[in-house]
Structure formats: C-alpha cells, structure tokens
Amino acid sequence: MKFSGCTAVVIGGGGSIGGAICRELAHNGAAVAVCDYALEAAEEVAAQAGNGSKAYAVNVRDYAGIEQLKASVLEEYGRADIFIYAAGGSARGDIAPLPVIKPEVIENVIGVNLLGAIYSTRAFLDSMIAQKSGKIIYIASIVGVNGMAKLSEYAAAKGGVIAMAKSLAKELGPHGINVNCVSPGLVPRPEQMMPETLDSMKARSYIGKVTMPEDIAKLTAFLASADGDLVTGQNYIMDGGRSLANKGDQ
C-alpha cells in the first residue's frame with residue numbers, strides 16, 4: 001500500500017474528479033480528508049473511500065473557514081502528507097464573451113479556481129514545511145494552457161494555478177515538498193455518460209479514448225507517491241492528444 005500511514009487532504013473531494021482521487025488514494029492506503037462545499041457529496045465519497053476517511057465542509061473563498069478546516073484536519077490526523085486542490089469549474093450556463101459576462105461570474109470563477117487554491121495551499125503549508133515533506137497537486141485544465149473563446153476568466157484562473165505551481169516548486173523544493181499540476185482536457189460529467197456523447201468525445205482523441213476521472217486519479221496518485229519524488233514544477237496534460245491539433249490538421 002504505497003500511501004500507508006499517509007494523510008491526504010483533497011479540496012473538491014466531493015466532485016467527480018476529486019472523488020475519484022479520494023477513492024484511489026484511500027484504496028492505496030491513505031486516510032483522506034474529503035473536503036467540499038457540498039458536505040453531503042463529501043460524506044458519500046468518504047464512505048466509498050473508507051480507510052479512516054472523513055468528510056469536511058469548506059468554502060474555499062472563506063480564508064477563516066479554511067484555517068478552521070486545517071485545524072480540524074490536523075486535530076483528527078496529526079499531519080497532512082498530500083494536498084490536492086480539485087475544486088473549481090467554469091461558469092457553464094453563464095459562459096459569455098468577456099465584454100458581456102457578469103462581474104459576479106468572473107469573481108466566482110476566479111475565487112473558486114485560483115484564490116481558493118492560493119488560500120488553502122497557504123493554510124496547509126506551515127505543517128508541511130515543519131515536517132520537511134509533502135506533495136501538492138493541482139487539478140488545472142488544458143484551457144489554462146491553450147485558452148478558449150468565451151472562457152477568458154476560467155483560462156486566467158487555471159493558467160494562474162499552473163504558474164503558481166511552478167513558482168511554489170522553486171520555493172518549496174528546499175523543504176522537501178513537490179508541487180505539480182494535472183491538466184485534463186474534456187472530461188465527461190455524470191450527465192454526459194451516454195454512448196453517443198462518449199463516442200463523440202472518442203472521435204476527437206488521437207488514441208480513441210475519453211479521459212475519465214479515474215484516469216486523472218491514477219496520474220495524481222503517481223505524483224503523490226514516492227514514485228514521483230523527482231517530479232516537480234510540471235504540468236501534465238491529459239487529453240488523449242487532443243490539444244496537439246484538430247485531427248486532420250496535423
């Protein structure tokens with residue numbers, strides 16, 4: 001069990017990607033603090049994960065609340081060996097060109113995707129620095145690398161996370177802490193798991209496969225394990241090669 005005796009903190013653990021990461025880590029020996037704005041979703045994931053995993057409610061835009069989360073997690077587990085930020089998402093129904101998008105939508109997207117990552121990382125860093133070890137992984141997005149029309153605020157947030165990971169890798173390396181990103185391409189949401197939708201996604205992949213939450217979880221677990229000890233400051237794109245070019249344009 002590669003994570004036996006380790007504690008992992010997963011922010012956004014109640015979501016599809018975060019939940020898959022929690023289950024992967026727990027099934028390989030970690031006790032997981034499953035943290036999410038939706039406590040009921042976090043509780044469901046914690047029950048699925050087992051191995052001493054516990055659910056916590058957190059609003060990543062509330063720094064005082066994040067500090068309280070840290071205190072609760074450290075009181076329960078005594079340490080945090082792995083920190084994963086999987087919270088976020090685009091505005092979806094409110095997607096619009098920048099000149100017309102509502103300011104409150106911009107603030108929420110930046111707040112959840114970028115400020116939440118900064119705030120929660122800052123909260124847990126002192127304990128990792130004190131123990132002189134730790135793995136930090138952010139779930140970013142290919143949109144943060146290549147951009148996308150009508151998603152400027154989301155691209156800015158995820159691009160900021162990728163840049164932050166590179167900066168923190170330099171800052172925290174002397175303390176024995178690795179920092180990396182995983183940037184998925186299009187990942188089907190639960191409501192998109194229909195054969196016709198999945199077939200359409202496969203057709204846009206060079207390897208004819210769809211990136212699933214479990215795939216992201218396995219790569220994240222590698223980066224969180226001792227196998228990833230020499231990897232830091234990197235952004236791993238996981239999209240079946242879709243970002244290389246449109247099929248037929250190569």
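**Figure 1. Helices α4 and α6 cross in a right-handed way.** In this predicted model, a crossing is called right-handed if the near helix is turned clockwise from the far one by less than a right angle, and left-handed if anticlockwise. Helices (H or I, at least four residues) and strands (E, at least two) are DSSP runs, numbered from the N terminus. The axes of α4 and α6 lie 8 Å apart, at an angle of about 15 degrees. That makes α4 roughly parallel to α6; angles under 35 degrees count as roughly parallel, over 145 as roughly antiparallel, 65 to 115 as roughly perpendicular and the rest as oblique. Axes here are lines fitted to C-alpha atoms, for helices over the stretch in contact, and angles run from 0 to 180 degrees between N-to-C directions. On the α4 side, look for residues including I106, V109, A117 and T121, which meet α6 residues including Y154, V161, M164 and L168; contact means heavy atoms within 4.5 Å. Sorted by class, this contact has 14 nonpolar, three polar and two charged residues. Ala, Val, Leu, Ile, Met, Phe, Trp, Tyr, Cys and Pro count as nonpolar, Asp, Glu, Lys and Arg as charged, and the others, Gly among them, as polar.

Two notes apply to every view. Residues are numbered from 1 along each chain as its sequence is written, and side-chain values use heavy atoms, leaving out hydrogens and water. Because the model is predicted, local features need pLDDT of at least 70 and side-chain atom pairs count only at pLDDT 80 or more, while totals for chains, interfaces and linings use all residues.

**Figure 2. The largest nonpolar core has 36 residues.** Such a core is a set of buried Ala, Val, Leu, Ile, Met, Phe, Trp, Tyr and Cys residues joined through side-chain atoms within 4.5 Å. Buried means under 20% relative accessible area, exposed over 50%, and partly exposed in between (1.4 Å probe, protein chains only). V9, I11, F83, I136, Y138 and V179 have the most contacts inside this core. Elements that each supply at least two of its residues include β1 (7-11), α4 (103-131) and α6 (152-172). The largest share, eight residues, comes from α6. Not counting residues up to four places away in sequence, Y138 touches several residues, among them F83, A117, M164 and V179.

**Figure 3. S120 sits in helix α4.** Is S120 buried or exposed? With 1% relative accessibility, S120 counts as buried. Leaving aside neighbours within four places in sequence, S120 is in contact with I11, I66, F83 and Y85.

**Figure 4. Helix α3 passes α4 in a right-handed crossing.** Y63, I66, E67, L69, K70, V73 and L74 of α3 make the contact with α4 residues that include Y119, S120 and F124. The two helices pack at an angle of about 35 degrees, with axes 9 Å apart.

**Figure 5. Helices α1 (residues 16-27) and α8 (residues 213-224) pack with their axes 8 Å apart.** Their angle is about 50 degrees, and α1 and α8 are therefore oblique to each other. Their crossing is right-handed. Among the residues that meet are I17, A20 and R23 in α1 and P213, A217 and K218 in α8.

**Figure 6. G173 lies in the loop between α6 and β6.** At 38% relative accessibility, G173 counts as partly exposed. G173 and S133 are 40 residues apart along the chain, and their C-alpha atoms are separated by 9.2 Å.
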